[in-house]
Amino acid sequence: MSTTTPENTPPTPLDICNLALSRLGESPIQKLDPNGSLPSRMCYMHYHPVRREVLCANRWSFATVSTTLHSTEENHGDDTHQLRHSLPTDCLRVLGVNSRCWTLRGRAVYCPSSTIRLLYIADVEDTALFEPLFVEALVLRLAWKLCIPLINSTTARQALGEEYQRIALPQAAHFNAVQNMSNDSHPLYRLWRQSMSCHD
(Lines give C-alpha, C1' and ligand atoms only; values in the text may rest on other atoms or scores of the structure.)
Protein backbone atom coordinates (compact mmCIF):
# COMPACT_ATOMS: atom_id res chain seq x y z
CA MET A 1 0.00 0.00 0.00
CA SER A 2 1.40 3.41 -0.96
CA THR A 3 2.02 6.07 1.68
CA THR A 4 1.44 8.84 -0.86
CA THR A 5 -1.73 10.18 -2.44
CA PRO A 6 -2.41 11.14 -6.06
CA GLU A 7 -1.64 14.71 -7.04
CA ASN A 8 -4.29 17.22 -5.93
CA THR A 9 -5.98 14.58 -3.77
CA PRO A 10 -6.07 15.48 -0.06
CA PRO A 11 -4.56 12.89 2.27
CA THR A 12 -6.86 10.83 4.43
CA PRO A 13 -6.25 10.18 8.13
CA LEU A 14 -4.92 6.77 7.07
CA ASP A 15 -2.51 8.41 4.60
CA ILE A 16 -1.25 10.74 7.33
CA CYS A 17 -0.75 7.84 9.72
CA ASN A 18 1.13 5.86 7.07
CA LEU A 19 3.38 8.85 6.38
CA ALA A 20 4.13 8.98 10.11
CA LEU A 21 4.85 5.25 10.14
CA SER A 22 7.18 5.65 7.18
CA ARG A 23 9.23 8.15 9.21
CA LEU A 24 9.77 5.34 11.71
CA GLY A 25 10.66 2.73 9.09
CA GLU A 26 7.38 0.90 9.70
CA SER A 27 5.26 -0.79 7.03
CA PRO A 28 1.98 0.88 6.04
CA ILE A 29 -1.28 -0.28 7.57
CA GLN A 30 -4.58 -0.97 5.83
CA LYS A 31 -6.84 0.77 8.33
CA LEU A 32 -7.00 2.40 11.75
CA ASP A 33 -8.20 -0.49 13.86
CA PRO A 34 -8.49 -0.56 17.68
CA ASN A 35 -8.29 -4.37 17.47
CA GLY A 36 -5.65 -4.64 14.75
CA SER A 37 -1.85 -4.79 14.73
CA LEU A 38 0.16 -2.68 17.16
CA PRO A 39 0.80 0.10 14.57
CA SER A 40 -2.87 0.11 13.63
CA ARG A 41 -3.96 0.32 17.28
CA MET A 42 -1.47 3.07 18.09
CA CYS A 43 -2.53 5.15 15.07
CA TYR A 44 -6.19 4.69 16.01
CA MET A 45 -5.41 5.82 19.57
CA HIS A 46 -3.19 8.81 18.81
CA TYR A 47 -4.29 10.33 15.48
CA HIS A 48 -7.11 12.58 16.72
CA PRO A 49 -5.41 13.74 19.96
CA VAL A 50 -2.27 14.68 18.01
CA ARG A 51 -4.34 16.40 15.30
CA ARG A 52 -6.01 18.54 17.98
CA GLU A 53 -2.64 19.29 19.58
CA VAL A 54 -1.19 20.59 16.30
CA LEU A 55 -4.35 22.58 15.61
CA CYS A 56 -3.93 24.29 18.99
CA ALA A 57 -0.29 25.11 18.27
CA ASN A 58 -0.98 28.01 15.88
CA ARG A 59 -3.64 30.41 14.62
CA TRP A 60 -4.33 28.35 11.48
CA SER A 61 -6.52 30.34 9.08
CA PHE A 62 -8.25 27.19 7.80
CA ALA A 63 -9.34 26.35 11.35
CA THR A 64 -10.28 29.88 12.47
CA VAL A 65 -13.99 30.40 13.10
CA SER A 66 -15.97 33.48 14.15
CA THR A 67 -19.36 33.10 15.79
CA THR A 68 -21.85 34.94 17.99
CA LEU A 69 -22.57 33.68 21.49
CA HIS A 70 -25.63 34.61 23.53
CA SER A 71 -25.72 34.29 27.30
CA THR A 72 -28.52 32.10 28.61
CA GLU A 73 -28.10 33.24 32.21
CA GLU A 74 -29.56 36.36 33.77
CA ASN A 75 -27.36 38.72 35.72
CA HIS A 76 -27.87 38.61 39.49
CA GLY A 77 -26.92 41.35 41.94
CA ASP A 78 -24.16 43.88 41.25
CA ASP A 79 -21.70 41.44 39.69
CA THR A 80 -21.84 42.48 36.04
CA HIS A 81 -19.01 40.16 35.00
CA GLN A 82 -20.75 36.85 35.44
CA LEU A 83 -22.81 36.43 32.29
CA ARG A 84 -21.91 32.96 31.06
CA HIS A 85 -21.40 32.15 27.37
CA SER A 86 -20.84 28.46 26.66
CA LEU A 87 -18.11 27.70 24.14
CA PRO A 88 -19.05 25.87 20.92
CA THR A 89 -18.50 22.13 21.14
CA ASP A 90 -15.81 22.27 18.43
CA CYS A 91 -13.81 25.04 20.11
CA LEU A 92 -10.23 23.96 20.82
CA ARG A 93 -8.68 27.33 21.59
CA VAL A 94 -10.14 30.79 22.19
CA LEU A 95 -8.37 33.46 20.13
CA GLY A 96 -10.36 36.50 21.17
CA VAL A 97 -13.59 38.03 22.42
CA ASN A 98 -14.91 41.45 21.39
CA SER A 99 -15.22 42.63 24.96
CA ARG A 100 -12.71 44.68 26.97
CA CYS A 101 -13.34 42.60 30.07
CA TRP A 102 -13.76 38.86 29.81
CA THR A 103 -12.60 35.70 31.55
CA LEU A 104 -12.32 32.13 30.34
CA ARG A 105 -13.29 29.55 32.94
CA GLY A 106 -13.70 25.96 31.92
CA ARG A 107 -15.80 25.72 28.77
CA ALA A 108 -17.34 29.18 29.10
CA VAL A 109 -16.56 32.86 28.62
CA TYR A 110 -17.71 35.26 31.35
CA CYS A 111 -18.17 38.95 30.58
CA PRO A 112 -20.68 41.81 31.07
CA SER A 113 -22.18 41.62 27.57
CA SER A 114 -25.14 39.38 26.89
CA THR A 115 -24.00 38.89 23.28
CA ILE A 116 -20.38 38.51 22.19
CA ARG A 117 -18.36 37.66 19.10
CA LEU A 118 -15.94 34.79 19.60
CA LEU A 119 -12.92 33.99 17.46
CA TYR A 120 -11.54 30.49 17.96
CA ILE A 121 -9.66 27.51 16.57
CA ALA A 122 -12.11 24.79 15.60
CA ASP A 123 -11.66 21.03 15.82
CA VAL A 124 -11.26 20.56 12.05
CA GLU A 125 -11.38 16.90 10.98
CA ASP A 126 -11.78 17.38 7.22
CA THR A 127 -8.29 16.73 5.83
CA ALA A 128 -9.26 18.45 2.57
CA LEU A 129 -8.94 21.74 4.50
CA PHE A 130 -5.44 20.98 5.76
CA GLU A 131 -2.55 22.89 4.21
CA PRO A 132 0.39 20.77 2.96
CA LEU A 133 2.83 22.13 5.54
CA PHE A 134 0.29 21.58 8.30
CA VAL A 135 0.09 17.95 7.18
CA GLU A 136 3.89 17.68 7.36
CA ALA A 137 3.87 19.07 10.90
CA LEU A 138 1.07 16.69 11.85
CA VAL A 139 3.00 13.73 10.37
CA LEU A 140 6.10 14.60 12.40
CA ARG A 141 4.20 15.08 15.64
CA LEU A 142 2.37 11.80 15.12
CA ALA A 143 5.64 9.99 14.37
CA TRP A 144 7.08 11.51 17.57
CA LYS A 145 4.11 10.18 19.53
CA LEU A 146 4.36 6.70 17.96
CA CYS A 147 8.13 6.45 18.30
CA ILE A 148 8.40 4.85 21.74
CA PRO A 149 5.54 2.31 21.50
CA LEU A 150 6.60 1.16 18.02
CA ILE A 151 10.41 1.35 17.83
CA ASN A 152 11.36 2.28 21.40
CA SER A 153 14.04 4.76 20.33
CA THR A 154 14.60 7.84 22.48
CA THR A 155 17.18 9.08 19.97
CA ALA A 156 14.71 8.99 17.10
CA ARG A 157 12.06 10.56 19.29
CA GLN A 158 14.35 13.45 20.19
CA ALA A 159 15.25 14.02 16.53
CA LEU A 160 11.59 14.00 15.48
CA GLY A 161 10.68 16.37 18.29
CA GLU A 162 13.39 18.84 17.32
CA GLU A 163 12.43 18.70 13.63
CA TYR A 164 8.82 19.40 14.55
CA GLN A 165 9.59 22.26 16.95
CA ARG A 166 12.40 23.95 15.02
CA ILE A 167 11.47 23.32 11.38
CA ALA A 168 8.06 21.86 10.52
CA LEU A 169 5.79 23.81 12.87
CA PRO A 170 7.49 27.24 12.41
CA GLN A 171 7.58 26.76 8.64
CA ALA A 172 3.91 25.79 8.49
CA ALA A 173 2.93 28.69 10.77
CA HIS A 174 4.97 31.16 8.70
CA PHE A 175 3.47 29.99 5.41
CA ASN A 176 -0.01 30.18 6.87
CA ALA A 177 0.57 33.72 8.12
CA VAL A 178 2.08 34.92 4.83
CA GLN A 179 -0.75 33.37 2.84
CA ASN A 180 -3.28 34.95 5.19
CA MET A 181 -1.76 38.42 4.76
CA SER A 182 -1.42 38.03 0.97
CA ASN A 183 -5.17 37.56 0.76
CA ASP A 184 -5.68 40.88 2.58
CA SER A 185 -6.63 38.93 5.66
CA HIS A 186 -8.96 36.01 6.04
CA PRO A 187 -12.63 37.00 5.51
CA LEU A 188 -13.40 35.90 9.05
CA TYR A 189 -10.83 38.39 10.33
CA ARG A 190 -12.49 41.14 8.31
CA LEU A 191 -15.79 40.20 9.93
CA TRP A 192 -14.02 40.17 13.28
CA ARG A 193 -12.55 43.65 12.78
CA GLN A 194 -15.95 45.02 11.77
CA SER A 195 -17.47 43.51 14.88
CA MET A 196 -14.71 44.98 17.03
CA SER A 197 -15.11 48.44 15.53
CA CYS A 198 -18.77 48.43 16.51
CA HIS A 199 -17.76 48.15 20.16
CA ASP A 200 -15.04 50.85 20.21
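Which strand does strand 2 pair with, in what sense, and over how many bridges? I looked: strand 2 and strand 5 (residues 108-111) pair in the antiparallel sense over 4 bridges, pairing being called when DSSP finds at least two bridges between two strands.

Housekeeping before I go on. This is a predicted model, where local features need pLDDT of at least 70, side-chain atom pairs count only at pLDDT 80 or more, and totals for chains, interfaces and linings use all residues. Residues are numbered from 1 along each chain as its sequence is written, and side-chain values use heavy atoms, with hydrogens and water left out.

Overview. I get 5 helices and 6 strands for the protein chain, taking helices (H or I, at least four residues) and strands (E, at least two) as DSSP runs numbered from the N terminus. Along the sequence the pattern reads α-α-β-β-β-β-β-β-α-α-α. Of the 200 residues, 42% count as buried (under 20% relative accessible area; exposed is over 50%, partly exposed in between, with a 1.4 Å probe and protein chains only). Of the contacts (heavy atoms within 4.5 Å) with a separation of 6 or more, 66% are between residues 24 or more positions apart.

Ser86 stands opposite Ala108 in strand 5.

Next, Glu131. I found Glu131 in the loop between strand 6 (115-122) and helix 3 (132-151). Does Glu131 sit buried or exposed? Glu131 is buried, yet has no salt bridge (a side-chain nitrogen of Lys or Arg within 4 Å of a carboxyl oxygen of Asp or Glu). The nearest side chain of opposite charge, Arg59, is 13 Å away; Lys and Arg count as positive, Asp and Glu as negative, and His and the chain ends are not counted. Leaving out residues up to four places away in sequence, Glu131 touches Ser61, Phe62, Phe175, Asn176 and Gln179.

Then Pro132, in helix 3. Pro132 is exposed, at a relative accessible area of 65%. I put its C-alpha 8.3 Å from that of Ala172, 40 residues apart along the chain.

Last, helix 3 itself. Its 20 residues reach 26 Å from first C-alpha to last, close to the 28 Å expected (1.5 Å times one less than the number of residues). Helix 3 bends by about 35 degrees at Lys145, and Pro149 follows within four residues; the bend is the angle between axes fitted to the seven residues ending there and the seven starting there. Just after helix 3, I noted Asn152 with a positive phi of about 50 degrees.
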